[in-house]
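Take a look at the model, and then we'll go through it step by step.

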Amino acid sequence: MVELRNVSVTYSNGVDALHDINLKINDGEFAFVVGDSGAGKSTLIKLLLKEITPNTGHITVNGFNLEKLPKSKAHKLRRTIGFVFQDFKLINTMNVYDNVAFVLRSIDAPIKYIRNRVPYVIGLVGLKDKAKCYPNELSGGEQQRVALARALVNDPQLIIADEPTGNLDPKNKFEIIELLKGINECGTTVLMVTHEHELVRYFGGRTIRINAGKIAFDDYIG
Amino acid sequence: MKLSSMNYLFKQGVRNIWTNRIMSVASFCILLVSLLMIGFTLVFVANINQFISGVENKNEVVIFLEEGIEDADISAMENTLKYTENVESVTFYSKEEALEGMKADMENADELFGYIGDDNPLPDAFRIRIADISQISGTLMEINRMKGIDTIKSPTDFINIMTNLKHFVGIVSLVILCALVLASLVIISNASRASVDIRKREITIMKFVGATNTFIKVPFFVEGMLIGVLAGVIASVCTYFGYVELVKMLSQDTTILSILSVNGFIPVGNIIWKLSLGYIAAGAFISAVGTVLSTRKYLKV
């Protein structure tokens with residue numbers, strides 16, 4: 001569960017990024033976060049990952065009270081979150097298998113578990129035959145699937161996808177969202193940030209629109 | 001952390017050297033040159049100090065006695081000298097021994113000394129060795145008070161110059177070494193920063209997927225340490241062969257060595273082990289710590 005209460009963020013340069021935000025996303029929900037550039041979407045993600053701390057307000061993510069969580073322990077929170085970036089952010093020197101396995105290795109998972117879990121997740125995103133390929137040998141859509149597999153492998157409670165379709169062609173855009181919907185149906189909360197209104201209208205569901213640092217709309221559409 | 005994880009991280013460190021081979025080679029070369037500069041400066045200073053100490057050890061004072069001095073007075077003087085503070089040894093050279101010695105050293109002695117006949121112009125003398133060369137002035141003042149002394153021949157001025165020179169070389173070499181170490185640290189830290197900079201994206205990704213700082217740092221530490229150890233080993237080999245060749249080349253011209261009256265350079269066996277250990281330890285430490293410190297700013301994500 002994600003909960004923000006009276007959260008405000010003002011950057012050191014005086015920019016009022018978020019103002020008095022109140023938001024609650026329940027376990028198992030799928031929510032789109034939409035808004036124009038500079039609306040405050042990225043700031044919201046940074047807050048949820050404890051990359052920054054708010055000036056005022058309280059944030060709870062997957063049972064972690066971020067006020068009380070020191071930065072040095074942020075990895076504990078991040079292990080409960082799967083994160084998908086717009087530019088995929090794969091490690092180019094690792095093949096698909098290692099990019100996905102890396103997450104489990106970093107949490108000291110047993111080797112046997114890694115050997116079973118990683119091929120399974122790579123299979124889920126449809127890249128079973130490309131496990132030994134390096135990121136630069138894959139198409140944009142395939143790279144984003146690897147990023148999805150990496151986000152999924154640790155069986156997270158929450159997946160945050162930041163413009164995951166931004167760099168993809170229309171066919172891949174739909175496929176990635178279908179995958180995210182499938183993951184959500186298995187019980188994982190999904191928060192997808194996008195500025196592509198057509199996609200939101202097509203898939204429908206809970207939509208939160210941020211405008212000038214405030215929540216301008218929060219309801220179900222479609 | 002589990003043993004299997006440590007094993008994985010160690011392998012990652014080794015793999016990173018190859019994956020980032022251009023930066024690895026650059027770091028290695030910078031480290032190697034820095035170590036060699038410092039190492040050769042140390043070897044040079046050690047040899048200079050040995051030369052100076054060798055010259056300093058020529059601490060012999062010759063006391064010429066007055067003409068016609070009695071044997072009893074000579075014995076009394078010898079006893080007094082033996083118990084004088086800072087005098088290590090006393091040897092009496094009679095005028096006859098001095099003449100024989102001179103004849104032995106000169107090629108045309110018979111012709112030259114034939115004119116003299118039985119009349120020996122050389123004086124009796126004591127040769128004494130000084131224990132602490134820096135205290136020579138006080139010792140000579142005390143000896144000068146004794147009766148029956150004609151003149152005293154001592155290398156006081158030369159010894160003072162050598163003592164000052166040793167002091168000067170010590171300070172200059174310390175300053176040069178400090179400057180070299182400082183410059184090396186700056187260059188090496190820049191090299192490791194550049195090496196880490198190109199992987200900031202990798203570090204950021206690791207942070208976002210929940211890796212701990214230790215998990216991220218260990219491969220960098222292993223990578224830096226291995227490069228440092230390798231640079232240390234190669235620096236040792238270069239120093240060994242470089243020093244042996246240099247000594248061989250300089251030893252061919254014995255003029256300088258004979259002027260300085262020293263036996264030669266420090267044998268390579270006496271320095272290479274200590275230097276190699278220093279190279280490897282310093283290389284591994286500086287490189288590993290430098291690399292890990294360079295990751296710090298990217299770990300703040």
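This is a predicted model: local features need pLDDT of at least 70, side-chain atom pairs count only at pLDDT 80 or more; totals for chains, interfaces and linings use all residues.

Of the contacts in chain B with a separation of 6 or more, 90% are between residues 24 or more positions apart. As for what those residues build, chain B has eleven helices and four strands. Its radius of gyration is 32 Å, well over the 19 Å that the globule rule gives for 301 residues, so chain B is more spread out than a compact globule. You can see that in the box its C-alpha atoms fill, too: roughly 105 × 40 × 30 Å along the principal axes.

How is chain B divided into domains? The domain assignment puts residues 3–56 + 160–300 in domain 1, and residues 60–154 in domain 2. Taken over C-alpha atoms, the centres of domain 1 and domain 2 of chain B are 53 Å apart. And what about burial? Buried residues come to 27% of the 301 in chain B.

Now for the place where the two chains meet. Here, 17 residues of chain A are in contact with 16 residues of chain B. On the chain A side, helix 2 (74–78) and helix 3 (96–106) each supply at least two of the residues that touch chain B. Which one of the elements gives the most to that side? That's helix 3 of chain A, with four residues. Sorted by class, the side of chain A that touches chain B has seven nonpolar residues, seven charged ones and three polar ones.

How values were computed
Residues are numbered from 1 along each chain as its sequence is written. Chains are lettered from A and ligands numbered from 1 in the order in which they are written. Domain bounds come from an automatic or database domain assignment. Two residues are in contact if their C-beta atoms, placed from the backbone, lie within 7 Å. Ala, Val, Leu, Ile, Met, Phe, Trp, Tyr, Cys and Pro count as nonpolar, Asp, Glu, Lys and Arg as charged, and the others, Gly among them, as polar. The radius of gyration is taken over C-alpha atoms; the globule rule is 2.2 Å times the number of residues to the power 0.38. A residue is buried if 20 or more other C-beta atoms lie within 10 Å of its own, exposed if 12 or fewer, and partly exposed in between; C-beta atoms are placed from the backbone.
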